[in-house]
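I opened this notebook to record what I looked up, one place at a time.

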Amino acid sequence: MPGQGRKEEDRKMKQGFDSIMERVKKCAKKTVSVSVAQDSAVLEAVKEAKARGIADAILVGDEAKIREIAAQIDMDLSDYEIIDEPDMIAASLKAVKLAHEGRADMYMKGIIDTKDFLKSVLDKEVGLRTGKPLSHVAVFEVPTIDRLLFLTDVAFMTYPTLEDKAHIIQNTIPVCNACGIEMPKVAPLAAVEVVNPKMPATVEADELTKMCEEGQIPGCIIDGPLSLDLAIDPEAAKHKGATHRKIQGDADVLLFPDIHAGNLVYKAIVHMVDMKNGCILTGTKVPVILTSRSDTFETKVNSIALAAVVSEELQKKA
């Protein structure tokens, strides 16, 4: 049909990181505060984010080392604010305070241990607590799937309780909204798609579904328990006779029963699939960019872009 190819292109554009980048352009200009910024991989990502118009940055850390690394990667620091603080712990507190006070819209980890970085996030005086549990969201663009996938929690909560899982979903909904998904479909995953009292993950998935139906978890559609194939593959839903389900291979959010399941799937996709991804920590006053040193340059840039659109969404709802 005439225009079919154009429509298909547009649909793919709407469902990938290109669409997130387009959304960034419609946002007010954001600023990211970088904790202990003397790291070449982080500075390269910050440099690229600025070049693409995603975000400006305030660099907090050892200024001499920041300037030395910047010279090595041909990064012009004339347009950046630098706050000199050689002590890593003190630098993290100064950096998070910028976000706490509204001078920065996002908070990013530099070359500092994750546990020390998270201590700054949770600091009672200058941190980013909201009273909600924190959780991690990984957003994937996979060529064989016609939409973005939101995986949670794959890196932060270890063994979430039923209450924790409800909070994880509530933390993830604004991320989906920020990426253009108004009513995300959430699949609480298990090994099977039926309730089995001997399998707690299925029982809690069923309870989350009921909580959503009763209005306790608004802003989304929850259908669980679901096996992974039924959550992401419409053909599997047909073959298994699951066409009565609210989710039939078209889930947006994959909610994992524990960190083992989530982390294994996350790493399988990252290391075995041609994909794009970005990750943030949620449940905080502003989005927190908690990337790993093993993350690619593109993942770091994507994470800054994801944080930028989520920041815009949180500011709209504030």
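Leaving out residues up to four places away in sequence, I found that Asp 164 touches Met 157 and Tyr 159, where contact means heavy atoms within 4.5 Å. I note that this is a predicted model, in which local features need pLDDT of at least 70, side-chain atom pairs count only at pLDDT 80 or more, and totals for chains, interfaces and linings use all residues. Residues are numbered from 1 along each chain as its sequence is written, and side-chain values use heavy atoms, with hydrogens and water left out.

I placed Asp 164 in helix α7, residues 162-178; helices are DSSP runs of H or I with at least four residues, strands are runs of E with at least two, and both are numbered from the N terminus. Asp 164 is buried (under 20% relative accessible area, with a 1.4 Å probe and protein chains only). Asp 164 has no salt bridge (a side-chain nitrogen of Lys or Arg within 4 Å of a carboxyl oxygen of Asp or Glu), and the nearest side chain of opposite charge, Lys 165, is 8.9 Å away.

I listed its buried residues as Ala 91, Ser 92, Ala 95, Val 96, Leu 98 and Ala 99. Seen down the axis of α5, these fall within an arc of 145°, so they line one face of the helix; the arc is that of the directions from the helix axis to the C-beta atoms.

Definitions and conventions:
Buried means under 20% relative accessible area, exposed over 50%, partly exposed in between (1.4 Å probe, protein chains only). Lys and Arg count as positive and Asp and Glu as negative; His and the chain ends are not counted.
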